[in-house]
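The sequence and model are shown first.

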Amino acid sequence: MTAIHPQPRPHSRIHWRTPITMVALLVILVGGAWWGWNSLINSSAEPTCVDQKLPNNRLLPKQVVVNVYNGGAKAGTAAAVADVLKKRGFHVAKIANEPKGDKIDVVALRGATDKAPEILLIAGQLNQKALIIGDERTDHTVDLVVGRGYTSLKAKGLPSVALAPDTTLCLPIIHTPQPIPSGQNPN
């Protein structure tokens with residue numbers, strides 16, 4: 001039996017869309033990897049603290065940045081403590097619940113080292129002995145965590161901490177908010 005009509009020949013057309021798409025995706029992947037690596041290596045992030053020699057070899061509250069966290073105390077305690085510290089000249093960066101969710105018995109201080117002058121200055125504000133934790137942070141801020149056994153700050157806290165002569169201390173960069181000019185939308 002023979003075919004009445006001749007059978008069509010299979011198309012030998014090459015489909016180029018898939019290889020071109022794969023090459024384009026590979027170029028995007030390699031370019032993104034290069035950009036990410038280059039951004040990591042050549043980071044232009046500003047320093048978190050600046051080495052300074054202090055006048056009169058004393059660390060003052062206006063040179064310390066503190067985060068006040070509630071670690072089990074009644075609601076509003078961290079805000080109340082932060083208000084008192086602000087009145088004493090400290091820069092309060094954050095007021096919130098303890099970020100790790102830890103519950104503290106009395107009060108805890110976290111900072112660069114357990115003997116850092118900024119930790120000692122904050123500890124000089126407290127009526128109770130604090131659990132002091134050095135966590136090797138590079139920005140030299142202090143976390144003050146108030147727990148359920150916290151009572152109050154001293155009526156008059158430590159005004160400054162003495163340092164050895166010619167001590168260089170890395171102080172946090174304090175960003176002061178700029179006022180919004182009249183008539184401009186802050187959003």
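Is methionine 22 buried or exposed? Methionine 22 is exposed, because its relative accessible area is 53% (buried means under 20%, exposed over 50%, partly exposed in between, with a 1.4 Å probe and protein chains only).

## Basis of the model

This is a predicted model, in which local features need pLDDT of at least 70, side-chain atom pairs count only at pLDDT 80 or more, and totals for chains, interfaces and linings use all residues. Residues are numbered from 1 along each chain as its sequence is written, and side-chain values use heavy atoms, leaving out hydrogens and water.

## Overall make-up

The protein chain contains 3 helices and 9 strands, in the order α-β-β-β-α-β-β-α-β-β-β-β from the N terminus. Helices (H or I, at least four residues) and strands (E, at least two) are DSSP runs numbered from the N terminus. Of its 187 residues, 32% are buried. Among contacts (heavy atoms within 4.5 Å) between residues at least 6 apart in sequence, 80% join residues at least 24 apart.

## The N-terminal helix

Methionine 22 belongs to helix α1, residues 17–41. An unreviewed UniProt entry lists residues 20–37 as "transmembrane region"; such annotations may be inferred rather than shown by experiment. In the model this stretch is 100% helix and 0% strand, with its end C-alpha atoms 26 Å apart.

## Nonpolar core

The largest nonpolar core has 29 residues. Such a core is a set of buried Ala, Val, Leu, Ile, Met, Phe, Trp, Tyr and Cys residues joined through side-chain atoms within 4.5 Å. Those with the most contacts inside this core include Leu59, Val66 and Leu144. Helix α2 (77–87) and strand β3 (65–70) are among the elements that each supply at least two residues, and α2 gives the most, with 4. Leucine 59 touches, among others, Leu54, Pro117, Leu121 and Leu171.

## Salt bridges

The structure holds 5 salt bridges (a side-chain nitrogen of Lys or Arg within 4 Å of a carboxyl oxygen of Asp or Glu). Glutamate 98 and arginine 110 meet in one of these, at 2.8 Å from N to O. Glutamate 98 is in the loop between β4 (91–97) and β5, and arginine 110 is in strand β5.

Arginine 110 also pairs with aspartate 143, with closest N and O atoms 3.6 Å apart. Aspartate 143 lies in strand β7, so this pair ties together parts 33 residues apart in sequence. Both residues are buried. Arginine 137 and aspartate 135 form a further salt bridge at 2.7 Å; arginine 137 is buried at 16% relative accessibility, whereas aspartate 135 is partly exposed at 33%. Glu98, Arg110, Asp135, Arg137 and Asp143 are linked in a network of salt bridges.

How values were computed
Lists of a residue's contacts leave out its neighbours within four places in sequence.
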